[in-house]
Structures are given as C-alpha cells and as structure tokens.
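Welcome, and thank you for taking a look at this structure. Please open the sequence and the 3D view side by side before reading on.

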Number of protein chains: 2
Amino acid sequence: MRALPRRVRITEVGMRDGLQMEPLVVATERKIEIGLALIEAGVRDIEATSFVSTTAVPQLADAAAVIAGLKGRGATLRALVPNANGARRAAAAQVDRMIVFMSASESHHRKNVRRSIAESLAGLEEIATVARGAGVALGGIVSTAFGCPYEGNVPLAAVARIVEAYAQVGMDEVSLGDTTGMATPPIVAAVVGGLRAQFPALPFALHFHNTRALGLVNVMQGLELGIDRYESSIGGLGGCPFAPGATGNVCTEDLLNMLNELGIETGMDLDRLIRVARDVERLLGRPLPGQLMRSGARLAPAQAAT
Amino acid sequence: MRALPRRVRITEVGMRDGLQMEPLVVATERKIEIGLALIEAGVRDIEATSFVSTTAVPQLADAAAVIAGLKGRGATLRALVPNANGARRAAAAQVDRMIVFMSASESHHRKNVRRSIAESLAGLEEIATVARGAGVALGGIVSTAFGCPYEGNVPLAAVARIVEAYAQVGMDEVSLGDTTGMATPPIVAAVVGGLRAQFPALPFALHFHNTRALGLVNVMQGLELGIDRYESSIGGLGGCPFAPGATGNVCTEDLLNMLNELGIETGMDLDRLIRVARDVERLLGRPLPGQLMRSGARLAPAQAAT
C-alpha cells in the first residue's frame, strides 16, 4: 500500500445535499436533532443548509433557524450561497463558512442556476466582499469537475478556470464535485494532479457520488494522491436534483468504515453514526443506499477487542 | 497509478451464487437464456450451477440440464461439487470445470456443509479422483478467506491450510471468497501476499462481496497486486444464504465498467451486459443492487466516440 494520509476530515453534506431534494420537507427541529446527533458522533464539519431561494427550495427555507440551532455546538457550519443576497442572509445567520458553487461545464451550470458561467464568475467578487465584510470564511465547489452528463468529459482548463477565479477572491479551499458520478480513478488522478500543478498552495476537497459504484474507489484514489478532505452524506442521502439518473452521494458511515479499516483517523464514531443514519432513514420513510447501517462493522466489538 | 493487469478474466457466478438463494425457482429454459445472453455479451467463464443436494437446493435441481443447454456455446462452464457424488453427477453432465468449496473458518464451514474442515479435507482426494478420471479440470474456493462472521479475523494459516490441500490434489486455480464482505484493502494485501509467498506458482482469483461497500475497492487492491481473475454476479445477484447480514456479490456490469474505465481488457460488452442484468431483474421481479443498469456508462456513445 502507498502512504495514505494519517488523518482525514469528512464534511457531512446530507443536511444540505440530501434534504434539499427530499419530497418531504423535514421540520426544522428534526434537522437540528440530526445535526446535533452528527456532532455527537464526532462530525466536526457540517454543510448544514443552503441560502437559496426559499420559494424554489422550500426544503431549506429554514436555513437561518437551522444554523441558529447548531451554532456553537462543536462543528464548523457551512452553508451554500448562490449569490450576494444569499451571502448576506448567510452572514446574518452567522454561518462559519460560505460556499459558492459553479459547474465547470456550461450546460450543467445553466440548467442548475439559469445563468452562464461568465455571469456567475462576474458575481463572485460581490459575494466575497460580503463574506470578508462579515468576517466569514469562503470556499467554493466546482461541480461536474470529473465529467458532465450533458457534455461528457470536461477539460481540465474548464475546471481550472473556476478554481482560478475562486483563488483570486481568496478562497482557502476548493471542493471538486463529481456531480453525477462520472469520476474514475484515472480522471481523479488527472484532474487532481493537473490542478495541484497550477495551484500548489490551495487545498482541495473531493466530493464523489456513487452513481456508478465508484464512490469509494475514487476516495481511495484521492487518498493515494494525498488528499485528506472528503465530503459525504449520512446514509448516502441525496444527489443532484438537476442531473439525469443522478443518485447517491458517497455514504458517510460507509466512508468512515473504510477509513477506519485503513487506519486513518477521523475522530468519528462508526456505531453512533450508523444510529444517526438509521434515524434519518426512519424519518424519511424510505431505504437509504448506505451499506454499513445494514451490515455493521466487519468485527463485532468483542472480536475487535481481541 | 501503479501498473495494473492489461487483461482480466471475469467469472460470472450469478447463475449459481445468485439463483441458488432466490425464493423463485427459475425455469431451466430461462436459465439457459440468461447463460446464452451472458455468452453473447462476451462472458467466457460461467459458474453455471452446483451439483448439491436437489432436495436441499431445489433451485439448482436442474444442474445437468443447464449444463447441457450451455455446453459448447463458447464459454467454460464451471459447477460447484460438494462431494464425490456431486462430482460424479458433474462429470456425467460434462462440465468443463468442477469447483470444490470449503471455508477457512471452522464455524462457517460447519454451518454451511454440516461437516468439519478436517472431514471435508479427507474427502478431497476422492473428488479429485473423479475429476481426473473424467478428464475434467478442478479448482477450489476458500470461503471466509478475509474474515468470518462468527470468528472474526481468519488467520492466514487457516486459509493456507485449505490452499495447501487444494494444491496437493492438483488444482490449477484457487478462488479466495469474501463470503460476507469482510475484506478490506490491507487484509487483501496481507492474504494475497502471504499466499503468494507460500504458493508462488498457483494462480489466485478473487471473489468479493459488497456487503460493506468495499467490493470494487478490494478489486482495485487486487488489481494493484497484479491479480487478473475476478468473480462477480450479473446485477449483483446473490450472496451467501448461510451468513447473517450477507448481501451482494460484486456486480459484474459495475465491475466491467470500472475495468473499462481503467483501460483493462475483458472481451465483454457493457451495454449488452446491462441488458442482461435488466432482463434478470425483470425475471426475478425485484430490484437488484447493480448501479450501471440504472446509470449507464459515464459517456453516451456519441460522447465516447469523440
């Protein structure tokens, strides 16, 4: 085995990426309970909500209340902001981190936010100004970084264009999103390798989907490249509502189990996390794709102790 | 990326490992149709059935008829044989390969076949004699090679004990079975590395389950170790009926997609295989765990051609 990172940070995105597309609007109190249970299980970085249009995404209309309920309870709270107005709402709600999102491919970006990439890039500085003014950290997601369901392969230059714009407004981390599960180990190696050569000082996080059963295979490739920041979703909740056939974020507890088995530290507790996943599954009333919530860890506690 | 094998052989086990545990007894003609469709999709090695007790496993009571229907149609036909009587039936049916199976852990072995490992080892030479007499190739499976649901970790020596017995009766290939999905990349590296050191001339195949979402991650580890023989099941059908919480062989078309994306040759056609998986899903009337049958390949044909 190659040398892997000794410690990895997992960002839990289920409350945002998962709940935003559920037909059921989950009550604010339930969301806060989920967030607190995640923190109790050792999660220290939560993408808790999104300050998008409350009419377009009623599931997340309670963004400020969710942040208020989780603030100061032990985790960094991230929230997506689609524009300067969202950034102002996020700042007022006292999020710890604002996250901007843009696709590397024009057609996916347009379907997602109904603007061109150029138009979104032009609005970036205004968002950054809001974040700076409020003293809130700012990060960015590059969606469709490993492929676009409409355009196919995405050139590295198209990904680098967004990363460059993110770096210019002072972001201290960029997440590469595998929006519809098109990443493969060779593509991960090429994209991460290419971006690192151009942006050697910028930390990257990886956000894979399991649409083609390669979510954890791609995490493994990321680990072998030394990437130590991953995003995943409790129970495997969520996906991308605007992409055809898209299902399944990498499942947090399945990812945690793999990291545990690789001897990589996360500070998270698998059994507690499995309990949270089962609670979320019950709450939503449908089976989630996570495996560990059914199988449990490979060794029973008594076996693991020997 | 490390150097991976340029070509990999996939053994399709769904007709045996999958159908043996289905509540529905699939009609012989339907089985033969599935087998022929698999061959049409480029599958060249099929574990087609098992010559076990027809009263204990009525799903496979038509073993000889299935072999007759697929014989000489372009694929090597394997069949499991639990004992010398099964071997004689398999020889009479003119299988191309007989496969013996034993668990590396005593408790799993006893639950599976109601005999001790020592008793089964004692019967090995009789089976080998039948195979030799009929001029049929003989291989073996070591179940619970990466962990046992009852005993936990399985010592390398326990696996090696079975492999040694297999080698002594002249087997030309041994498959290591991850019966309940307990394999992890470090364990795969340790078991494969340890066995190769002891049996440098013996080819090993790997048979993983996706119970803990690590099936393809473990294949990736196997590839990096240079292993070029894998077993998987169309649609992800099957598992182990005698193990608690066991679900899901690695899915053949999901595995094929990964190998395609890694540039590894198999001679198999993904689109055709996906059609077979969908047909099997319709036949069984319940969703199978395969991902590619829902997502399709990452690029549409027009995108892939450019």
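Here is a short briefing, grouped by topic.

This is a predicted model. Two copies, chain A and chain B, touch each other through 30 residues of chain B and 30 residues of chain A. A rotation of 180° with 0.0 Å of shift along its axis places chain B on chain A, with an RMSD of 0.0 Å. The two copies are thus related as by a two-fold rotation axis.

**How the two chains meet**

- Two copies of a chain are related by a rotation about an axis and a shift along it.
- Both copies use the same surface, since 100% of the contact residues of chain B recur in chain A.
- Val217(B) is the residue of chain B that comes closest to the rotation axis, with its C-alpha at 2.5 Å.
- On the side of chain B that touches chain A, the elements giving two or more residues are helix 9 (185-198), helix 10 (215-224), helix 11 (252-261) and helix 13 (292-295) of chain B.
- Helix 11 of chain B supplies the largest share of that side, with four residues.
- Sorted by class, the side of chain B that touches chain A holds 15 nonpolar, 10 polar and five charged residues.

**Helix 10 of chain B**

- Helix 10 of chain B is mostly covered, with 10 of its 10 residues buried.
- Among these buried residues are Leu216(B), Val217(B), Asn218(B), Met220(B) and Glu224(B).
- What do the buried residues of helix 10 of chain B pack against? In chain A, they pack against helix 10 (215-224) and helix 11. In chain B, their partners are helix 9, strand 7 (204-207), strand 8 (229-232) and helix 11.
- After helix 10 of chain B comes Gly226(B), which has a positive phi near 90°.

**Two helix pairs to look for**

- Two packed helices are described by the angle between their axes and the distance between the axes.
- In chain A, the axes of helix 11 (residues 252-261) and helix 12 (residues 270-284) come within 9 Å and cross at roughly 165°. That makes helix 11 of chain A roughly antiparallel to helix 12 of chain A, as the angle is over 145 degrees.
- The crossing of helix 11 of chain A with helix 12 of chain A is left-handed.
- Helix 11 of chain A brings Thr252(A), Glu253(A), Leu256(A), Asn257(A) and Asn260(A) to this contact, and helix 12 of chain A brings Leu270(A), Leu273(A), Ile274(A) and Ala277(A). By class, the contact of these helices has five nonpolar, three polar and one charged residues.
- In chain B, helix 2 (residues 28-40) and helix 12 (residues 270-284) pack at an angle of about 165°, with their axes 9 Å apart. Helix 2 of chain B and helix 12 of chain B are therefore roughly antiparallel to each other.
- Helix 2 of chain B and helix 12 of chain B also form a left-handed crossing.
- From helix 2 of chain B, Arg30(B), Ile34(B), Ala37(B), Leu38(B) and Glu40(B) meet Arg272(B), Val276(B), Asp279(B), Val280(B) and Leu283(B) of helix 12 of chain B. The contact of helix 2 of chain B with helix 12 of chain B has six nonpolar, no polar and four charged residues.

**Residues with a positive phi**

- Most residues other than glycine have a negative phi.
- Thr144(A) is not a glycine, yet has a positive phi of about 50°. Thr144(A) sits in the loop between strand 5 (137-143) and helix 8 (156-168) of chain A.
- Is Thr144(A) buried or exposed? Thr144(A) is buried, because 29 other C-beta atoms lie within 10 Å, and 20 or more are enough to count as buried.
- Gln94(B) is not a glycine either, and has a positive phi of about 65°. Gln94(B) lies in the loop between helix 4 (84-92) and strand 4 (97-103) of chain B.
- Gln94(B) counts as partly exposed because it has 14 C-beta neighbours inside 10 Å.

- Ala3(A) belongs to the segment before strand 1 (9-12) of chain A. Ala3(A) is exposed, with 8 other C-beta atoms within 10 Å.
- Ala3(A) and Gly226(A) are 223 residues apart in sequence, while their C-alpha atoms are 8.1 Å apart in space.
- Tyr150(B) is found in the loop between strand 5 (137-143) and helix 8 (156-168) of chain B. Tyr150(B) counts as partly exposed, with 17 C-beta neighbours inside 10 Å.
- Tyr150(B) and Ser107(B) are 43 residues apart along the chain, and their C-alpha atoms are separated by 6.6 Å.
- Leaving aside residues up to four places away in sequence, Tyr150(B) touches Ser105(B), Ser107(B) and His108(B).

Conventions. Residues numbered from 1 in each chain as written. Chains lettered and ligands numbered in written order. Predicted model: local features only at pLDDT ≥ 70, side-chain atom pairs only at ≥ 80, totals over all residues. Contact = placed C-beta atoms within 7 Å. Nonpolar A, V, L, I, M, F, W, Y, C, P; charged D, E, K, R; others polar. Buried ≥ 20, exposed ≤ 12 C-beta atoms within 10 Å, placed from the backbone. Axes fitted to C-alpha atoms, helices over the stretch in contact; angles between N-to-C directions. Parallel < 35°, antiparallel > 145°, perpendicular 65-115°, else oblique. Left-handed = near helix turned anticlockwise from the far one by under 90°. Least-squares fit on C-alpha atoms with pLDDT ≥ 70 in both.
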